[in-house]
Amino acid sequence: MKKKQTAANTTDQRKLKGEATREKLVIEAIRLFGQNGYKATNTRALAEAAQCNLGLITFHFGGKQGLYEAAIKRVKRRLIEMLDPSVKNLELLAQSKLEGKELFNALTDEINSLAMKFIGMEQVAGHALLLLQDINEKNPHSTSGYRDVFFPLIANIEIIINKATKNINPSRARLSAFMIINATLGFLRDYPIFYPVSTEDDIKQPSIATLMSLLSHHLVGEFDTYFKFSNPT
C-alpha cells in the first residue's frame with residue numbers, strides 16, 4: 001500500500017512539475033516572441049528563459065511552432081476575455097438613441113475608459129505586442145490573432161462613427177476605427193516608458209488622462225467639418 005501511495009505521489013509531483021514547466025514556457029514565449037518576433041527567437045533562448053531543458057519544448061509542444069501557437073492561443077483567449085466588457089458597452093452604445101456629436105462624446109468616453117483600465121498593465125502590452133509581431137512577420141502559421149481579438153472593437157466603433165455622421169464617409173469611418181484602436185494599443189504598449197519616478201498617485205493618473213484627452217480630441221477632430229456644416233438631429 002505504501003509503495004502504491006509513494007508511486008502515486010511521485011506521479012502527481014511529476015505532473016505538477018510538468019504543468020509548471022509548460023506554463024513557464026508559454027509565459028516566456030509570449031514575452032520573447034513579442035519582443036523579438038518568431039524568426040529571431042530560437043528554442044535555446046526560450047528554454048533558458050523558462051529555466052528548463054531544451055528538449056521539453058519538443059516534449060510539451062512538438063517544437064518551436066507548437067509553442068508559438070500555444071502562446072498566440074493564450075493571448076487571444078485572455079485579451080478577448082479582458083476586452084469583452086468594452087465590446088458589450090460599444091454594442092449598447094451603437095444601439096442607443098444618441099446621435100451626432102453627443103454620440104461621439106460617448107464613444108470617446110468609452111475609449112478613454114478602456115485605455116484607463118488597461119494602461120500600464122504589462123500583460124496587456126505584451127499580449128498586444130505579440131499579435132502585432134504576428135501581423136508584421138506574416139507567419140505562414142499565423143492564426144490571425146489580431147483580427148480575432150480586436151475586430152469586434154473596430155467593427156462597433158465603425159458603426160458608431162457612421163451613425164454619428166449619418167454615413168457621411170463609410171470608408172473613412174472604417175479607417176478611423178482601425179486607427180483609434182491602434183493608437184490606444186500604442187498607449188497601452190508604450191506608456192510605461194513615461195511612468196513618473198515618484199509621487200505616482202499624484203502624477204500618474206493626470207498623465208494618463210492627458211494622453212486620453214488627446215486621443216479624444218483627435219477622434220472628434222477627424223469629423224469636425226461634418227459637425228460644422230451639418231445639423232444632425
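Figure 1. Serine 86 has a relative accessible area of 7%, so it is buried (under 20% relative accessible area; over 50% is exposed and in between is partly exposed, with a 1.4 Å probe and protein chains only). This is a predicted model, in which local features need pLDDT of at least 70 and side-chain atom pairs count only at pLDDT 80 or more, while totals for chains, interfaces and linings use all residues. Residues are numbered from 1 along each chain as its sequence is written, and side-chain values use heavy atoms, with hydrogens and water left out. Serine 86 sits in helix 4, residues 64–94 (helices are DSSP runs of H or I with at least four residues, strands are E runs of at least two, and numbering starts from the N terminus). Which residues does serine 86 touch, leaving aside neighbours within four places in sequence? They are Glu110, Leu114 and Leu153, where contact means heavy atoms within 4.5 Å.

**Figure 2. Helix 5 against helix 7.** Here we look at helix 5 (residues 100–118) and helix 7 (residues 145–164), whose axes come within 8 Å and cross at roughly 160 degrees. Axes are lines fitted to C-alpha atoms, for helices over the stretch in contact, and angles run from 0 to 180 degrees between N-to-C directions. The two helices are therefore roughly antiparallel (over 145 degrees; under 35 is roughly parallel, 65 to 115 roughly perpendicular and the rest oblique). Helix 5 passes helix 7 in a left-handed crossing, meaning that the near helix is turned anticlockwise from the far one by less than a right angle. Helix 5 brings Gly100, Leu103, Phe104, Leu107 and Leu114 to the contact, and helix 7 brings Leu153, Ile157, Ile160, Ile161, Lys163 and Ala164. By type, that's nine nonpolar residues, one polar and one charged (Ala, Val, Leu, Ile, Met, Phe, Trp, Tyr, Cys and Pro count as nonpolar, Asp, Glu, Lys and Arg as charged, and the others, Gly among them, as polar).

Figure 3. Setting aside neighbours within four places in sequence, glutamate 158 is in contact with Pro170, Ala173, Arg174 and Ala177.

**Figure 4. The whole protein, for orientation.** The protein has 10 helices and zero strands. Of its 233 residues, 42% count as buried. Among contacts between residues at least 6 apart in sequence, 74% join residues at least 24 apart.
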